[in-house]
Amino acid sequence: MGDILGIERLNFRYPESPKNAVSDFELSIPEGEIAVLAGPSGCGKSTLLRTVNGLIPHMYGGEYSGDVIVAGSSVKGSSMRDLAQTVGFLFQNPENQIFMFTVERDIAFGLENLGVPREEMRARVDEALRLLRIGDLAQRAPHELSDGQKQRVALAGVLAMRPKLVILDEPTSLLDPKTASELVALVARLREELGTTFVVVEHRLDLLVGVADRLVVMDGGRKVLEGAPRDVLFGDDAEAHGVAIPAVTRVQKALTESKGGRAVAGRLLTPSELASAVEGRQG
Amino acid sequence: MMWLSGGFIFRKGYSFYHRLDPRAKLLNSVLMFVTTLLARSVFEMVLVVAFMVGLSAAATVLKRVARTMAFTALFSGFIFVVNVLFTRDLETSVLYATRFIAIVVSTSIFFITTSPDELEQVMKMFRLPRDVVFAFVTAVRFIPVMMLDTIQIMDAQKSRGLELEKGNLVRRVRNMIPILIPLVVNSVVRSGELAEAMEARAYGAAPRPTSLLAYRARRVDIGVACASVALFALAAYSFYFVIPVQFP
């Protein structure tokens, strides 16, 4: 499979700003991957995401050079109309992306804007309700939903447009731990069922290392680390760039330091990996 | 103040009247409105108001309509006093005062039984520009959100020592400033985020956007619309030809 996203020597500077928000950025993401983008606040993650769905340069002015290619076409040369159907964007606060008075009408919002005929729209709304298992919420008003439900409704509205690439901007920041891990499981399931590519900005790496294929770390507008999560997190630089190392990885590193070579073998990321490694030693 | 505003805000209801096509409800309210203008005596006006009260009861919204009436009674009393002073005609003054209540009730019945979704549909029927309709939709959609924001800001400012219920009127109004400024700033930030989310979901992409909801008039809607017209004709006829005019 080819690359769904290609970023080529991208530089972007906001008007009136002395330095670039994104500098010399290069990135390729193959179709069907779950990629996690991490980095300290203000490192340019949000700006980068906005260059992928076209808000930059179509909505925001600024100094733009390089190129962003989504599904084979340049973002600069595509209209917001086309981009909205290729790139789905789940914003941080679900409240501010639910527009309508009922859940099902909100899921239909993007399709109404595109002028999709009613029968097809009905089918796609029902499909989105089913995918996210929120059929029972279809007639609810936004203020009758919990934060986790709002997040699902907003994601359903994004998926109803059948994007090839979905961007999630800190999707768990407003969710409690249980709802957050449910959302991550949902993303993994949608990737399996639909083959959608996901780019997730997330600080809580514990949640995502189990399902992510790629981890990209940004700092000061530049890409500083990239690779399989295991390689990046066991590298020497991850901590220096402020990446939240998952608990299991920290435990294993601590064991290795204190016991020399006698710690559990391998490079572990998730609790289940740790569990089976410990069982293996005992058995 | 909160309980008074209830007279114009929609709440979910399941009566036959709530379920009617919004166009039928609009027609009915407009005709009731016009009937109140046609009534030429207190007796006729009482008939009209009695009809509206009966309708509110059937639509299970009588309590809230009663609130609307209580609220408008204040203004209505003012109208009565002014009229008595200028016309020195008691009957005409009572007529004008009750007419004011009747007018407000006829519109109130429409607004408390019609969901924002249906209002949007009605606005679209009148071919209002999409941006205007959407501005209305988001304004109503964010009322509960803004109310929560306000409560949070008030709590935050109170916990920092702001005393809202102290002092004379000027002081109290000035006390609202630390509530209003964060609220406005919040709303500006929110509207920026909304604009981004609208772009990301192709707002304005198609010259003719479609709609998930289809309003097709059922037999009962057409029946109610015909009944409204018939009743209106009957009222107009009897006001002018059957019930004798009681004042010049």
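1. Helices (H or I, at least four residues) and strands (E, at least two) are DSSP runs, numbered from the N terminus. This is a predicted model, in which local features need pLDDT of at least 70 and side-chain atom pairs count only at pLDDT 80 or more, whereas totals for chains, interfaces and linings use all residues. Residues are numbered from 1 along each chain as its sequence is written, and chains are lettered from A and ligands numbered from 1 in the order in which they are written.

2. In chain B, helix α6 spans residues 116–125, and B:Glu118, B:Leu119 and B:Glu120 within this helix are buried (20 or more other C-beta atoms within 10 Å of a residue's own; exposed means 12 or fewer, partly exposed in between, with C-beta atoms placed from the backbone). Among the elements covering these buried residues are α2 (22–38) and α7 (130–141) of chain B. Just after α6(B), the residue B:Arg127 takes a positive phi of about 55°.

3. Helices α3 (residues 42–58) and α5 (residues 90–113) of chain B have axes that come within 10 Å and cross at roughly 20°; axes are lines fitted to C-alpha atoms, for helices over the stretch in contact, and angles run from 0 to 180 degrees between N-to-C directions. Angles under 35 degrees count as roughly parallel, over 145 as roughly antiparallel, 65 to 115 as roughly perpendicular and the rest as oblique, and α3(B) and α5(B) are therefore roughly parallel to each other.

4. Chain A and chain B meet through 34 residues of chain A in contact with 28 residues of chain B, where contact means that the C-beta atoms of two residues, placed from the backbone, lie within 7 Å. On the side of chain A that touches chain B, the elements giving two or more residues are α3 (80–86), α4 (103–114) and α5 (118–131) of chain A, and α4(A) gives the most, with eight residues.

5. Chain A also holds an open sheet of four strands in the order β2-β1-β4-β5, with antiparallel pairing; two strands pair if DSSP finds at least two bridges between them. Its edge strands, β2 (22–30) and β5 (73–74) of chain A, each pair on one side only. Strand β4 (residues 63–70) of chain A is joined to β5(A) by two bridges, and A:Val70 stands opposite A:Ser73 in β5(A).

6. A:Val224 lies in strand β10 (residues 222–227) of chain A. Why is A:Val224 classed as partly exposed? A:Val224 is partly exposed because 17 other C-beta atoms lie within 10 Å.
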